[in-house]
Amino acid sequence: MEALRVEGLSKNFGGVSAVDNVSFSVEVGERLVIIGPNGAGKTTLFNLINGQLPATSGRIHFLGEDITTIPTHRRAHRGQARAFQIISLFLNLSVLDNGLLALHGTKPYRFKLFRSINHYKVISDKVQDTLRALELWEKRDELVKNLSYGEQRRMEIGLGLALQPKLLLLDEPSAGLTMEECSGIIDMIKNLGSDITVVVVDHDMDLVFGVAERIIVLHYGQIIADGAPEEIQADPRVREIYLGIEE
Ligand SMILES: Nc1ncnc2c1ncn2[C@@H]1O[C@H](COP(=O)(O)OP(=O)(O)O)[C@@H](O)[C@H]1O
Ligand SMILES: [Mg+2]
């Protein structure tokens, strides 16, 4: 079954075609990695998929439904989660408060004025379980800005996962991490359930080849290669443009 299908998707910024007529689909449970030089349009593509930016043209289908024009929060309710290239935690709030805020909005009834004490209990138990699993419970009263970058990253991705997404979009999860922290992220992605579809953008080749079942290469907003990791590694154009290897 298809999780995501993008058809003829484009995004122009003034004269720049950041994403240029891109089409691909991702099966439920697939691990797709998107690579490409800086400025290739990877982050813009994610912004289109999760609705941060409107598409100039093209369609986006998520779990069989056309979501091209629906707002970001409704895409989130349908099961999209995203960890940003830039940390999206509240740096001046505690670890615990960040957990509460992230998990509070899981259900569509979040704007209800009166809620049972039981509802809050369910959320705070869930936050506690999540922070324990992330090995951050001991640091629950720390301000997030005082955590290491690796811990911030782990927390951000972990909170995204606690929302039990159907599609996880990760934009450069390895950026700024030590090798050890990066291998922690690789394990985390590998251990995700097969019901979760994962699309990752990254530059770290250990991560790329560690998690990818399939790789798409973007170049000036266009797909120049789409295939199994071995095919991508052997593709002469990719080697020349992206891996910088001349034959
Ligand atoms: N909000 C924006 N306004 C204008 N140009 C943008 C904007 N966001 C991205 N771009 C341009 O679109 C192209 C793709 O950028 P981006 O998607 O960030 O690439 P990547 O994530 O692959 O490095 C670049 O030329 C970039 O300068
Ligand atoms: Mg980017």
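Is L63 buried, exposed or partly exposed, and how many other C-beta atoms lie within 10 Å? L63 is partly exposed, with 17 other C-beta atoms within 10 Å; a residue counts as buried with 20 or more such atoms around its own C-beta, as exposed with 12 or fewer, and as partly exposed in between, C-beta atoms being placed from the backbone. The model is predicted: local features need pLDDT of at least 70, side-chain atom pairs count only at pLDDT 80 or more, and totals for chains, interfaces and linings use all residues. Residues are numbered from 1 along each chain as its sequence is written, while chains are lettered from A and ligands numbered from 1 in the order in which they are written.

**Overall fold**

- The chain comprises nine helices and ten strands, where helices (H or I, at least four residues) and strands (E, at least two) are DSSP runs numbered from the N terminus.
- The C-alpha trace spans about 60 × 40 × 35 Å along its principal axes.
- Of the 247 residues, 37% count as buried.
- Among contacts with a separation of 6 or more, 65% join residues 24 or more positions apart; a contact requires C-beta atoms, placed from the backbone, within 7 Å.

**Surroundings of ligand 1**

- The shell of ligand 1 consists of F13, V16, A18, G36, N38, G39, A40, G41, K42, T43 and T44, a residue being near the ligand if its C-beta atom, placed from the backbone, lies within 6 Å.
- At least two shell residues come from each of β2 (16-27) and α1 (42-49), and α1 provides the largest share, three residues.
- By type, the shell holds four nonpolar, six polar and one charged residue; Ala, Val, Leu, Ile, Met, Phe, Trp, Tyr, Cys and Pro count as nonpolar, Asp, Glu, Lys and Arg as charged, and the others, Gly among them, as polar.

- In α3 (residues 95-104), the residues V95, N98, G99 and A102 are buried. They cover an arc of only 100° around the axis, which puts them on the same side of α3; the arc is that of the directions from the helix axis to the C-beta atoms.
- Helix α6 (residues 179-190) has twelve residues and reaches 16 Å from its first C-alpha to its last, close to the expected 16 Å, which is 1.5 Å times one less than the number of residues.
- C182, I185, I186 and I189 of α6 are buried. Viewed down the axis of α6, its buried residues fall within an arc of 100°, so they line one face of the helix.
- E180 and D187 are exposed on the other side of α6.
- The cover over the buried residues of α6 includes α5 (149-162), β8 (197-201) and α7 (205-211).

**Positive phi values**

- Most residues other than glycine have a negative phi.
- L63, which is not a glycine, has a positive phi of about 50° and sits in the loop between β4 (57-62) and β5 (65-66).
- Y220 has a positive phi near 45° and belongs to the loop between β9 (214-219) and β10 (222-227). Y220 is partly exposed, with 16 other C-beta atoms within 10 Å.

**Residue A81**

- A81 lies in β6 (residues 80-83) and is buried, with 21 other C-beta atoms within 10 Å.
- Not counting residues up to four places away in sequence, A81 touches A76, G160, L163, P165 and L168.
- The C-alpha atoms of A81 and V198 are separated by 9.8 Å, although the two residues are 117 residues apart along the chain.

Definitions and conventions: Contact = placed C-beta atoms within 7 Å.
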